[in-house]
Amino acid sequence: MHVHPIHRAADTPPANGYCRTHELNILLLAALYAVSRVLSRSLLFRETQRHVLRILQDEAGLTCGMISVLDPQSGNLKAHELHHPAGVGDVQNVQYQPGEGILGLMLEKPRTVMLRRVADEPRFLNRLGIYQRELPFIAVPIRVGGNLQGVLAVQPGEPDDGLLEERAQFVEMVANLIGQSLRLSLEVQHDKSTLVEERDLLRRTVRHQFGFDNMVGRSAAMRRVFDQARLVAKWNTTVLIRGETGTGKELIANAIHYNSPRSRSAMIRLNCAALPETLLESELFGHERGAFTGAVEARKGRFEQAHGGTLFLDEIGDVSGPFQAKLLRILQEGEFERVGGCRTIKVDVRVIAATHRDLETAVDMGDFREDLFYRLNVMPIFLPPLRERIEDIPEIVRHLLGKIGQEQKRKLNLTDMAQRRLANHDWPGNVRELENCLERAAVLSESGRIDVDLIRFPSVRERPAARPQRGPGASAITRTAGSGLGSASAIDFDDPDLSEKERVIAALEQAGWVQAKAARILGMTPRQIAYRIQTLAIDVKQF
């Protein structure tokens, strides 16, 4: 390194050595500051080390900088990054075994090496052919947690001027900073690798859980459903899953997503009937800051969250007319604006919708847009109610008992009489009602053995072998011991013999105790039926 001479008066003692040291220290301090700034910017080890070696040459006069990293498998020292003014070829295959050359000796005894002249050291290999024999050489170990992880090697750009030790101390400080950066980089790499393994394991687990081979149901109707879902899963086609409440529409939607090319992206779910229209729009499309009271910051909607994946819209038949128009646009164009925003956002989302409503009738009555119906009904899948596939009940029961038993950490079994009682029921709530029934029976069973006396239907009665005919003046609702009201499907809601309380209870039973559905049966609004339940003192909990 060239140091400009300082002229002094004749009577002043020469202090060239002190001046050179002082100038060098200032130079190295500035370079050390630049190195620390580079290392603090990023955890990308290769990128930061390239910048560090460039700083060592440009600001500290240390050329031919090379960082070698210990290979944990072979135990050799492998060249990782090199900076040379003239440029060199690929150094990825350059490595040193223990005891091989100066760098190989550092594997056996990690310590700082200073050569005042490369030509004086016969063990110096100069394998890269870039080091000048008349110049000094410095190599410093890079440690992580006290263990050798690499070597930083540089060559001063000028012959030894008596300040080699000062330069070696500077290189040691840089090596310490590189060691800290390497430690953080290794930790991040390890954490990232662990997260990737966990993610892949979860993906395999979920894909297996929602695999078509693991879905319960061997009836002809369910095999047809599984075949349709398996076929449509391969494409981006919009799917409309239809069926009564509790038939497993969301399970089919999960199976379609997790067996599709979009399975690596998210599946976002939203129940459209659970939110009023104003909140539904914000949930689906998101909102900008200040769009409405309480919108203190911008928020992504479900469509943006599902970008590249699948959006499952449950109870799509319950959305209002104005909102249907907004939904139609995004299904057709794949674009929308957030609430309170004007920027058009494009998304790539597959939509799977589900409903228990008769949409054809809703279209005829003007409650549902015909164009939206056709847009959603590209690939319809109909799930049959449980009462139409009684042959699936034994297999479903075994699956549900295994699930409940796993949660309760014990083995559950069902007697033959209990099995026959289950098969003799209408199941207006379908599989969801069956699961609740079995869980209730399991809770009541101390031994884990579920007998017929533990199978209880608090909302509707068992399906009789033959329905009795009502005679003149007979009540429209009959009761059986321990079973509540009669089958709601046999109720004449216009019968003048029915009291208002009986009519509301029957409608609730037919709707599976979903108040909004019962309100539609009676031609009421959800608020009106909630008022009737309160004024008529109907205790929904007992059912």
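## Helix 15 and the residue that follows

In this predicted model, helix 15, which spans residues 500–510, has as its buried residues Val504, Ile505, Ala506, Ala507, Leu508 and Glu509. Just after helix 15, Gly512 adopts a positive phi of about 65°.

## Strand 6 and its two partners

Strand 6, made up of residues 147–156, is mostly covered, with 8 of its 10 residues buried. Strand 6 pairs with strand 1 (residues 62–70) in an antiparallel arrangement, the two being joined by 6 bridges, and within this pairing Thr63 has Gln155 of strand 6 as its bridge partner.

Strand 5 is also joined to strand 6, here by 7 bridges and again with the strands running antiparallel; Pro141, for example, has Val151 in strand 6 as its bridge partner. Strands 5 and 6 form a hairpin in which 2 residues lie between them, and Gly145 in the turn has a positive phi of about 65°.

## Salt bridges between separate parts of the chain

A search of the whole structure finds 26 salt bridges, and several of them are described here with the elements that they connect. Glu100 forms a salt bridge with Arg127, in which the closest N and O atoms are 2.3 Å apart. Because Glu100 lies in the loop between strand 3 (95–96) and helix 3 (101–108), while Arg127 lies in the loop between strand 4 (113–115) and strand 5 (137–144), the pair ties together parts that are 27 residues apart in sequence. Glu100 is partly exposed, with a relative accessible area of 24%, and Arg127 is likewise partly exposed, with a relative accessible area of 39%.

A second pair consists of Arg520 and Asp318, whose closest N and O atoms are 3.8 Å apart in a salt bridge. This pair links distant parts of the chain, 202 residues apart, since Arg520 belongs to helix 16 (residues 515–522) and Asp318 to the loop between strand 9 (310–314) and helix 9 (321–333). Arg520 counts as partly exposed at 38% relative accessibility, and Asp318 also counts as partly exposed, at 29%.

The side chains of Glu435 and Lys403 meet in a salt bridge with an N to O distance of 3.0 Å. Here the distant parts of the chain that are linked are both helices, with Glu435 in helix 14 (residues 430–444) and Lys403 in helix 12 (residues 393–408), 32 residues apart. Lys403 is partly exposed, its relative accessible area being 37%.

Salt bridges also occur as a network, in which Arg329, Glu335, Glu337 and Lys346 are linked.

Ala362 is found in helix 10, which covers residues 359–364. At 3% relative accessibility, Ala362 counts as buried, because the cut-off for that class is under 20% relative accessible area. When its neighbours within four places in sequence are left aside, Ala362 is in contact with Arg357, Asp367 and Phe368. As for Phe373, it is 11 residues from Ala362 in sequence, and the C-alpha to C-alpha separation of the two in space is 9.8 Å.

Definitions and conventions
Residues numbered from 1 in each chain as written. Predicted model: local features only at pLDDT ≥ 70, side-chain atom pairs only at ≥ 80, totals over all residues. Heavy atoms only, no water. Helix = DSSP H or I, 4+ residues; strand = E, 2+ residues; numbered from the N terminus. Buried < 20%, exposed > 50% of the residue type's maximum accessible area, 1.4 Å probe, protein only. Contact = heavy atoms within 4.5 Å. Salt bridge = Lys/Arg side-chain N within 4 Å of Asp/Glu carboxyl O. Pairing = 2+ DSSP bridges.
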